Amino acid sequence: MRWQRPLVWLLALGSVAAVVAWLLHPLPPVSTPVRTFLPLLHLLLLKPEYWVFASLQTVALGFIAAGVLLAATLALVLASRGGEDPLRLGLFLAGTAFFVAHVHFARAGQLLDAFGAAATALDYLATTALLAGFWHGVRFFLSYPRRVDSALLGEYAQRSRLPGLRWLAYHDGVGPTTGGTQFVMHRASRALDAFGSRTGLVIALVAGWFWVAVFHAVAPRPLWSMLSVLALLSLGALMALAAGWIWELLGWHYRMGPAEDRAKVSWIFLSILVSGWIIVVGFAAAWLIGLVGFAFGQADLGVTSVRLAGLIAAFGPLALALLFVASLALSVFYKGTVDPRLAIRRTTLLGTTALLLTTLAVALEVFVASRLAAWLPLPAHTGSLCAGVTVALCFGPMRRRYESKIDQFIDRLLPASALADAEHYPTTVVFADLAGYTALSERDEKAALTLASLLHKESRRLADQQRGRLVKTIGDAGLYEFKAAADALAFCIELNRQYRASAAKLGLEVLPLHFGAHFGEVVRAKDGDLFGATVNLAARLQSKAEGNEIIVSDAVALTLPDRAFRLDPLGPQTFKNVQEPVLCFRVAA
């Protein structure tokens, strides 16, 4: 414990020093490959002839510098707090930041070329910092916010939608039973414990040092080179497997853990999930643009597709890493007091996805319409009109379908408590229902359906006029909300009049309407539906009303302007599943 705190300080300050040195000594234009630990990332970020957005090299390195500085700062704060878990997380952040700063600023920036053996020693130190930091990160996340029993993980595995976890659950040689699943989860937990043990750390360090040694060899033998590559690939695979398992642990805490644990991991889990989803959507957009360009022989669209994919490949992981560090800080220091679920659900996930898909759909529709207009043997104006109508008819159902699929996907990601965390606000809720509808349906179903359709049509129009909205229809009933109670009662009176007049004109049997209204706080779901005790009491009031009656609660009566409506008191009324009697009034016609 004593040596961990100075080590965190040393690595964090070393990371900051590398970034500051890069700021004082910017990277020169690179025309030949520079030997780094990450040649692929080097080609993407540093070698202009391999990167279509070479002019954004400084921006990309700025992202990396911001992530390094944020991680180093968080590591310093954690080291100052003390404690076993904060120091483990601090070592993970400081070690990773030191490695990234060494690779992208010290080595790639050619700041160490004149130091010879000292530069080689720093290569070994950076590799050790990365592996030891990752090891401490595994130890931290195994017990953050608390350790999960393997039996509970087995239950989660059976319900998981991830193919890899389902494979672990059902292909263990025991069969798709609870005992077999628990055995596999226990075995995976033991494997992760082994990776996080000191023996696992030693093996990882030996593999990493071996690769660095071969990397620095002047003329390594082919066998040693092959073994070093295998060691590097094996090490990367183990680290990826450990990261994937930790992701599943976070998923368990978010979906099935106690409320306190969900609050702690929400920032980490949701920020990574949202970032990954945006990256996937971006790549899908690039692929679709390239496909359209290939189908219509448009080379410009193909180039745009490649550039967009390159931009996402370069900046997507950088933004994801930066967001991950920021989410760690929020998760550790705020411990769930700042809930990210509403913000992410309302803005980032839905908003960004909708913006990307809408932009892509509009661009695709415009492109197809222009090509179709050029192909049709019609005048320019007529051809454009016909092409636009044809494209709208074809793409409309497609757009509605993928928007529905996206909503379903997002709903599956949200925890069971998402509705309780939705928007709360006070409003006036109205229930309207046709009396005798069931009896009429048995006698004349067509007439009953016509009356219900007429009611919903008139109510939707009148609700809009009275600054309200139709929330949903339930057979012959309707649920409505209004900001002002006076608007709600004016709606009820006018709807009763308009509905009776329209039904009489059609020669239909006029079934009486009855209304119930209550004012109070409601919960609004993502699809606009309303929930809460206010909605339930409004339904009870509506069932209490006779034909052509409007029954309101005292909460509605108190919010009405003086003498706006004449209310006849009905006295306290009791309702099913409502603890206290409710003072009710009948609205006089």
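Buried means under 20% relative accessible area, exposed means over 50%, and partly exposed is anything in between, using a 1.4 Å probe and counting protein chains only. Keep that scale in mind, because at 31% relative accessibility arginine 524 counts as partly exposed. We'll come back to that residue.

A word on the model itself. It is predicted, so local features need pLDDT of at least 70 and side-chain atom pairs count only at pLDDT 80 or more, while totals for chains, interfaces and linings use all residues. Residues are numbered from 1 along each chain as its sequence is written, and side-chain values use heavy atoms, with hydrogens and water left out.

Let's start with the whole chain. You'll find 19 helices and eight strands in it; helices (H or I, at least four residues) and strands (E, at least two) are DSSP runs, numbered from the N terminus. The chain has 589 residues, and 46% of them count as buried. Now look at the contacts, meaning heavy atoms within 4.5 Å. Of those with a separation of 6 or more, 72% are between residues 24 or more positions apart.

Next, the salt bridges. A salt bridge is a side-chain nitrogen of Lys or Arg within 4 Å of a carboxyl oxygen of Asp or Glu, and the whole structure has nine of them. Which residues are linked in a network of salt bridges? They are Arg469, Glu481 and Arg524. Glutamate 481 pairs with arginine 469, with the closest N and O atoms 2.5 Å apart. Glutamate 481 sits in strand 3 (residues 477-482) and arginine 469 in strand 2 (residues 468-474), so this pair ties together parts that are twelve residues apart in sequence. Glutamate 481 also meets arginine 524 in a salt bridge, at 3.9 Å from N to O.

Another salt bridge joins glutamate 549 and arginine 586, at 3.0 Å from N to O. Glutamate 549 lies in the loop between helix 18 (533-544) and strand 6 (550-553), and arginine 586 lies in strand 8 (residues 582-587), so the pair ties together parts 37 residues apart in sequence. Here glutamate 549 is buried at 15%, whereas arginine 586 is partly exposed at 28%.

Now for a charged residue without a partner. Aspartate 476, in the loop between strand 2 and strand 3, is buried yet has no salt bridge. How far away is the nearest side chain of opposite charge? That is arginine 443, 13 Å away, where Lys and Arg count as positive, Asp and Glu as negative, and His and the chain ends are not counted. Still, a polar atom of the aspartate 476 side chain lies 3.4 Å from the backbone nitrogen of leucine 434. Leaving out residues up to four places away in sequence, aspartate 476 touches several others, including Leu434, Tyr437 and His456.

Finally, valine 229 is in helix 10 (residues 222-256) and is partly exposed, with a relative accessible area of 42%.

Technical notes
Polar contact = N/O pair within 3.5 Å; in protein donor to acceptor, adjacent residues only side chain to side chain.
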